[in-house]
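User: I have a model open and a few questions about it. Can you go through it with me?

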Amino acid sequence: MTIIRLICSELYGRKTTFLLSALAVTAAVALCTSFVLTEAANQRETKRLMRDLGFNLRVVPAATDMNHFYLTGFSDQTMPEDSLDRLAAVKNLSYNHLVSVLHGKIEVGDREFLLLGLSEERAPPGRAKPPMVKAVESSQIHIGSEVAKQMQWKKGDKVDVNGHPLQIARCMPEMGSTDDVRIVGSLSDVQKILGLNNQINEIKAIDCLCLTPADNPQDILKAEITRTLPDTRVVMLSNIAEARARQRQTSDRHAKFVVVAVIFVAAAWVGVMALINTRQRASEIGLFRALGYGSLSVAGLVLGRAVLIGLLAAIIGTALGTWCAMTYGPSIFQVTARAIQPQPTLFWYAILATPLFAAAASLIPAALAVTQDPAQVLRRQ
Amino acid sequence: MIRLRDVSKQYSIGGSAVTALDAVSMDLNQGDFVCLRGPSGSGKTTLLLTIGGMQRPTSGTVGVAETEDIYALGDRARARLRAHHIGFVFQLFHLVPYLNVSGNIALGARNRGNPGEHVDALIDRLRLGHRRYHKPTQLSAGECQRVAVARALASQPDVILADEPTGNLDDENASIVIDALAEFCRGGIVLLATHSEREPEYVNRAFDVSGGLVKER
Ligand SMILES: Nc1ncnc2c1ncn2[C@@H]1O[C@H](COP(=O)(O)OP(=O)(O)O)[C@@H](O)[C@H]1O
Ligand SMILES: [Mg+2]
């Protein structure tokens, strides 16, 4: 009778302890699996929420009068439109969602508004992402709530801005910011209206460093950008950048904590179950000793049992966890549900790690089984 | 062959020493059916466990088969010696609860190449044919002990150490067990411990055990 067959018979013969241990490991594997699977969606969702905070990097011409910049919200200087192409061509850039912007003031009737032209969004090579802002189509504009109110403009109206006929594609709701007095159009239209062909005065971007101010991301970003565009300076909206970085880091820490806690509880449970099992088997182990089983075989009985439980738990646990993630994940992460996909590599990883983990949790019971005095249990009458 | 030389065993309980074996010497040879008779607590179990390599004596040497002193061996070597040379039968059977009759007997034969046929022969010999696939909980005490004897025989040992093997059995089962041991004894050694006055049949050497002292009658 081989050790494996002996272990299988024992598992089959003592179903309760077996099921209880298997349950603990299966639950842990299932939890970790569904957690990992939904984590992708969670991160995307977080990213999206954070992204909605807006751009946090502004690249402006180096000669910009900063007083003007902060007082009006845009640079008084311009740079060539192809700056964006040059920047977007750089590999390993720590920026993404690059948009070129031309921003200025404009009078419509007797009112003064802000006029903003936005280009299509660009991404560094190989890092294309769904755009954060949709460019406004040519000959169309989006208007802020104050513009709509003061000009009595409605969606669909054809209006004249500085002699250029444009159609209102969208009236924005009240935002409580300068957005409310802004007219947004396509970059080329705005260039024409402001008479600044092929010029922009800013490139907006989001950094993907996710560093907190303590890491001094400003230096890294500045060094990167001035290599490509020497005549520029980088303004960082540190509040937004920091919120983004902190949120991601918190989310990471939380994920690690949950996984570690689950693994710890499962390990304790499996260890205790293995301990109860070896106690229950004291006389059996004494008998095996009398039959000539050595320490290795006795340890093999306990550890092999753990490995088998681990294997089973890995198979059922990943299946169960994947099912849970696929079934319940989408209702939690409604926007990014499509990011929840089965991961075959996770299965192989579990098949490898779970038995090892279960065996490690059973090391103490195995040691007790090996060192127990067989004479003591065999002399019981 | 078994050679004991001045084998003593003391247990210390809370500072005071209990002498379970007191300078026991004996020589046993193939064909010896040995009865160790003595009251409860006299040291019989201790003697059997010591000969079987399960309990290290405080002093003295225990020789089994070609090995001069089995306690000079390492743990693994002593385990191997048990697997090949020694069979145990306990009063409480110590059957493995989740294995059926055939599985329990096969446990004893794990160091033999192909135990299948051998196990079948033992099942027949101990008249367990109709019980082959039953678990220990489904057996009577007599049947359990017959399984335990079959398991001890399965490794084809040189020595069988039987600790009150008929203590819980009726006469019919007791005689099946004793007969099987006697048959084995033609080519080996049997040590049988008992506290009953009645001496089993076939016994050709009898020892009285009392307070750790062992005397041949
Ligand atoms: N682990 C132990 N610790 C202390 N004393 C023990 C232990 N095992 C046995 N003894 C003592 O050794 C003596 C012999 O016991 P044992 O060999 O079991 O006798 P028997 O089998 O003849 O009844 C008894 O007095 C018993 O109490
Ligand atoms: Mg006894």
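Analyst: Start with B:Asp208, which stands opposite B:Lys215 in strand E9(B). Strands here are DSSP runs (E, at least two residues; helices are H or I, at least four), numbered from the N terminus. This is a predicted model, where local features need pLDDT of at least 70, side-chain atom pairs count only at pLDDT 80 or more, and totals for chains, interfaces and linings use all residues. Residues are numbered from 1 along each chain as its sequence is written, chains are lettered from A and ligands numbered from 1 in the order written, and side-chain values use heavy atoms, leaving out hydrogens and water.

User: In what sense do E8 and E9 of chain B pair?

Analyst: Antiparallel, over four bridges. Pairing needs at least two bridges found by DSSP.

User: Which residue in that hairpin takes a positive phi?

Analyst: B:Gly211, near 55 degrees; the hairpin has two residues between its strands.

User: New topic: why is the site of ligand 1 shared between chains?

Analyst: Because residues from chains A and B surround ligand 1. The shell has 14 residues, with A:Arg379 and B:Lys44 among the closest; a residue counts if one of its heavy atoms lies within 4 Å.

User: Which element gives the most to that shell?

Analyst: H1(B), with three residues.
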